[in-house]
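Hello,

Here is the structure I promised to pass on. Have a look at it first, then read my notes below.

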Amino acid sequence: MIQLLKDLWDRITGFLFPQQYFAWQSVIYLALFSWAMSWVARFSGTTAFTQWVIITGSWIFWVIGLGWALEANQIRPFGIPIAPWVSGALVCSYLFALFPGDHLSAALVIWPLVSVGLVALPAFISWDFKPKLPFPLVRQQLILLLLLALLFSSWFQFYFRLQTWFQDYPTLLSDDFGRSGFVLKIAEVSEGRSGGIPLLTAAEQQVKDQLDNTPWPWVERWLLNLDGQMVKIRNETRSVLLDSSEAAFWELTAQPRSLENGYALKLMAVWTGPASNPEGYFLEKTCLIRPRIPPVRSTSAREENIQEPTPTAMAQVSCELETPKRLGQPAPLTG
Amino acid sequence: MPFELLVDEAAVLPLRAIAFQSLLLLVAIAIEAGVLRGRLKLGFQPSIRYAASLNLFTTVLGWFLFLGLEPVAPPLLRTQIISYILFGQFYNNGLSGSLGAVVIATGLVIFFVTFWVKAKGLEWLTLEIGTPIVDYTPPTLTRRRYGYTRRTPQDPPTTPAHTLAVLHANAWSFSAILLLLVLRYGLEVLS
């Protein structure tokens with residue numbers, strides 16, 4: 001038991017305090033020391049430049065120390081030497097933390113290149129900082145590594161390009177990418193991103209503004225001239241998608257249908273852009289327009305009013321909240 | 001912040017592109033290495049290294065061209081590219097009638113451009129690592145004057161061996177990739 005504890009103790013001290021000074025532990029201690037010193041500097045109120053110098057030193061020691069430690073301990077998951085990648089990531093996060101703002105895309109894109117640069121640096125510069133030409137085989141391997149890094153960088157760029165597309169055309173995100181040979185959706189995105197929903201809401205507001213609480217004959221005349229009215233509504237609702245590139249892909253149409261009591265007006269936002277269904281799809285919102293007889297004031301007055309003309313019915317518009325997605329194109333109007 | 005990004009924005013990842021590209025690259029490198037080894041009498045390792053370098057180089061070149069040209073493409077073409085990448089098909093717009101011809105023409109152009117790039121790349125690569133595959137001693141001009149009739153048997157053939165080898169390698173790897181793509185498309189149609 002004692003022997004076991006002694007072995008363990010030896011191993012721990014051997015890990016923490018190496019035999020010679022030229023070891024990765026020394027560099028890690030330097031990193032920790034300058035990191036602690038940067039806090040001392042901060043609390044003792046030195047200038048920003050002093051703090052920057054100390055912190056930069058700490059970062060440099062971290063990069064060297066971690067890379068050295070990973071390499072010296074032969075930490076190679078799946079046989080891949082990860083030391084340059086970790087060091088490259090540290091360098092990138094240091095470089096892009098210097099500037100304020102969101103640099104995640106730039107940092108990820110240059111990360112593979114920085115890592116290859118770190119690998120290539122010792123091959124091209126000797127210990128006394130003189131340039132040298134590596135052996136042909138090393139050169140060939142560095143070329144391969146550089147090409148691989150460029151490929152990884154391209155993949156990152158492609159990922160960010162996809163995000164640009166989804167910012168330009170948010171409706172695309174609500175579609176299904178099952179047939180794509182390039183992308184995979186790893187989480188379901190709510191349909192709420194579709195640009196058709198605000199468009200339909202704006203159209204609903206227009207219809208309500210024009211028809212709600214208007215005399216019933218006016219409603220019927222309005223519906224007869226639906227095509228002309230839709231031109232107006234389209235113009236009014238254009239501002240909803242004004243700052244979006246996908247405005248050109250949405251087409252607003254409407255179809256009336258008479259019920260036994262009033263009309264049902266189907267407002268449809270037709271997506272004419274890229275879609276998983278070859279026929280495209282559309283979102284629809286159904287509005288019910290019903291006549292409503294204004295309430296008569298008293299029952300006793302009713303008897304006297306029989307001879308008088310009945311009060312004109314007023315229209316009442318109510319729209320459904322859902323905007324179900326239908327595949328294909330809207331059926332042509334029959335009748 | 002990266003985690004938040006992963007949940008919200010990054011719900012769509014180009015994982016299939018990465019998987020397919022890795023697979024196609026491996027197939028192409030294996031085939032081309034075999035052809036280069038057989039035709040140029042190279043060793044196992046050099047031919048694999050050359051084939052890997054050439055194919056990675058053309059792939060990276062292709063990515064750069066795509067990433068550089070996509071934002072400046074005309075909107076009609078750009079949305080068709082988006083449609084193909086996201087949904088595996090083109091959609092109906094003013095261009096859809098002529099897209100088939102465009103795709104075939106692009107494929108042919110890509111074949112010949114990659115062939116040329118690979119042939120030049122092989123010359124440069126072998127020169128760079130110190131085992132040039134073509135010797136750069138300038139040909140003596142006097143011999144050309146006499147034309148074909150006076151050509152001695154030692155004369156180099158009009159097409160260098162490495163160019164022919166790269167042409168064959170490129171043809172084989174493109175055929176294999178085309179076959180794989182057709183198979184994938186066929187499997188998708190069946191399922």
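The rule finds 2 salt bridges across the interface of chain B and chain A. Please keep in mind that this is a predicted model. In one salt bridge, A:Arg161 pairs with B:Glu70. Their closest N and O atoms are 2.8 Å apart. Polar contacts between chain B and chain A come to 17 residue pairs, both residues at pLDDT 80 or more.

Now the chain B side. Elements that give two or more residues to the side touching chain A include strand E1 (12-13), helix H2 (15-40) and helix H7 (161-190) of chain B. H3(B) gives the most, with 12 residues. By class, this side of chain B divides into 31 nonpolar, 9 polar and 9 charged residues.

Next, the extent of the interface. The contact takes 50 residues from chain A and 49 residues from chain B. About 4,900 Å² is buried between the two chains. Carbon and sulfur atoms give 66% of that area. B:Val12, B:Arg16 and B:Phe87 supply 15% of the area that chain B buries against chain A, more than any other three residues.

Helices H3 (48-72), H4 (83-98) and H5 (104-124) of chain A each supply at least two lining residues. H3(A) gives the most, with 8 residues. The lining has 19 nonpolar, 4 polar and 2 charged residues.

Best wishes

Conventions: Residues are numbered from 1 along each chain as its sequence is written. Chains are lettered from A and ligands numbered from 1 in the order in which they are written. This is a predicted model: local features need pLDDT of at least 70, side-chain atom pairs count only at pLDDT 80 or more; totals for chains, interfaces and linings use all residues. Side-chain values use heavy atoms; hydrogens and water are left out. Helices (H or I, at least four residues) and strands (E, at least two) are DSSP runs, numbered from the N terminus. Ala, Val, Leu, Ile, Met, Phe, Trp, Tyr, Cys and Pro count as nonpolar, Asp, Glu, Lys and Arg as charged, and the others, Gly among them, as polar. Contact means heavy atoms within 4.5 Å. Buried area is the accessible area (1.4 Å probe) that two parts lose on being put together, summed over both. A salt bridge is a side-chain nitrogen of Lys or Arg within 4 Å of a carboxyl oxygen of Asp or Glu. A polar contact is a pair of N or O atoms within 3.5 Å; within protein, one must be able to donate a hydrogen and the other to accept it, and residues adjacent in sequence count only if both atoms are side-chain atoms.
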